[in-house]
Amino acid sequence: NCGAIPAELLESELFGHAKGAFTGAVQASDGLIREASGGTLFLDEISEMPLAIQVKLLRIIQERQVRPLGSSQTYTTDTRFIAASNRNLKLEVERGAFRADLYYRLNVITIQVPPLRERGSDIALLARHFLETHSRKIGKALPQLRADYQELLVRYDWPGNVRELENLIERAVILAESEVLTTADFTGILLLPSSDAALAVQPEVPRSMLAQADERPLSIEEYIKEFILQHQDRHNENELAAMLGIGRKALWMRRRLWGIYKDRDHRT
């Protein structure tokens, strides 16, 4: 991980060093590039690599030779490089933050990994995998994920991608008190599409909603509509919007769309 290793240590980690090359170098090190010879070295977050080290990496990729720090000896290496970045490297090149020659040398085969929100069919598979993994990890029976909650997962925007999904599932498994995950297990986690507002799934769901969900999974909009109908006579607009995790404008727009008003005589 090029972003996790301090710049002053990254060069030594990659290229190795001779004994006594710097303070603390009590013994020689081959470096990761030589250790990976005959195999593959994966450089994660390569956009974080300092420009000075990018120059040396480019030379190694082109010449297939590496010289450890403080050494006069050059070693041949047969290492395949795979690099990854969460940034657009082409844009980094344009703004001078990444060397163009290294970019084009690495860019032999490009694999674009789309964000999780564009891989809806993967979400249920990943959720199942994380359920199994974390249930086994903490020694709990494997809980089941209801179909309506799977729909919430698919509709969410996932700005944190797979890591966010795993964290959500891990938390749900920890909080689960039954064999089937309930709304309470997702307390405080936002599970609506990215929009002008997002719905925070609430720990308390009306019994009529749960009964309906057992017969047919509720869509997100059906959940919101039922929630408003169940609670609006006991709460003002500010309280109701806060319970749903949306703004007053978003609440007003939904009420207008559905013809739902606080005065029962005006409902349609």
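Buried means under 20% relative accessible area, exposed over 50%, and partly exposed in between, using a 1.4 Å probe and protein chains only. Keep those cut-offs at hand for every stop below.

This is a predicted model, where local features need pLDDT of at least 70, side-chain atom pairs count only at pLDDT 80 or more, and totals for chains, interfaces and linings use all residues. Residues are numbered from 1 along each chain as its sequence is written, and side-chain values use heavy atoms, with hydrogens and water left out.

**Colour by confidence**

Start with pLDDT, the predictor's confidence in each residue, from 0 to 100. The protein averages 79, and 82% of the residues score at least 70. Now pick out the elements: helices (H or I, at least four residues) and strands (E, at least two) are DSSP runs, numbered from the N terminus. Strand 1, residues 40–43, has the highest mean pLDDT of the elements, at 96. Helix 9, residues 207–215, has the lowest, at 45.

Select residues 190–216. pLDDT stays under 50 here. The model has 73 contacts (heavy atoms within 4.5 Å) beyond four places in sequence for this stretch. Residues 264–268 also stay under 50, with 11 such contacts. Where pLDDT is low, the predicted coordinates should not be read in detail.

**Select His-17**

His-17 sits in the loop between helix 1 (7–15) and helix 2 (31–35). Is His-17 buried or exposed? His-17 counts as buried because its relative accessibility is 11%. Show its side chain: it reaches the backbone oxygen of Gln-27 at 3.2 Å. Next, display the residues in contact with His-17, leaving aside neighbours within four places in sequence. Among them are Phe-22, Ala-28, Pro-68 and Leu-69.

**Show the salt bridges**

A salt bridge is a side-chain nitrogen of Lys or Arg within 4 Å of a carboxyl oxygen of Asp or Glu. A search of the whole structure finds 9.

Go to Arg-87 and Glu-48, a salt bridge whose closest N and O atoms are 2.9 Å apart. This pair links distant parts of the chain, 39 residues apart. Arg-87 is in the loop between strand 4 (80–83) and helix 4 (89–94). Glu-48 is in the loop between strand 1 and helix 3 (51–63). Arg-87 is partly exposed, at 36% relative accessibility. Glu-48 is partly exposed too, at 35%.

Move to Asp-101 and Arg-99, where the side chains meet in a salt bridge at 2.7 Å, N to O. Asp-101 has 32% relative accessibility, so Asp-101 counts as partly exposed. Arg-99 is partly exposed at 29%.

Then take Asp-122 and Arg-119, with closest N and O atoms 3.6 Å apart. Asp-122 is partly exposed at 25% relative accessibility.

Finish by selecting Glu-48, Arg-87, Glu-92 and Arg-95 together. Salt bridges that share partners join these four residues, Glu-48, Arg-87, Glu-92 and Arg-95, into one network.

**Turn to the rings**

Rings of Phe, Tyr and Trp (its six-membered ring) pair if their centres lie within 6.5 Å; planes under 30 degrees apart count as stacked, over 60 as edge-to-face and the rest as tilted. How many aromatic pairs does a search of the whole structure find? The search finds 1. Tyr-103 and Tyr-104 form this edge-to-face pair, 4.9 Å centre to centre with 70° between the planes. Tyr-103 is buried at 13% relative accessible area, whereas Tyr-104 is exposed at 54% relative accessibility.

Last stop: Arg-34 and Tyr-75. The charged end of Arg-34 sits over the ring of Tyr-75, 3.6 Å from its centre. That label requires NZ of Lys or CZ of Arg within 6 Å of the ring centre and within 35 degrees of the ring normal.

Conventions. Polar contact = N/O pair within 3.5 Å; in protein donor to acceptor, adjacent residues only side chain to side chain.
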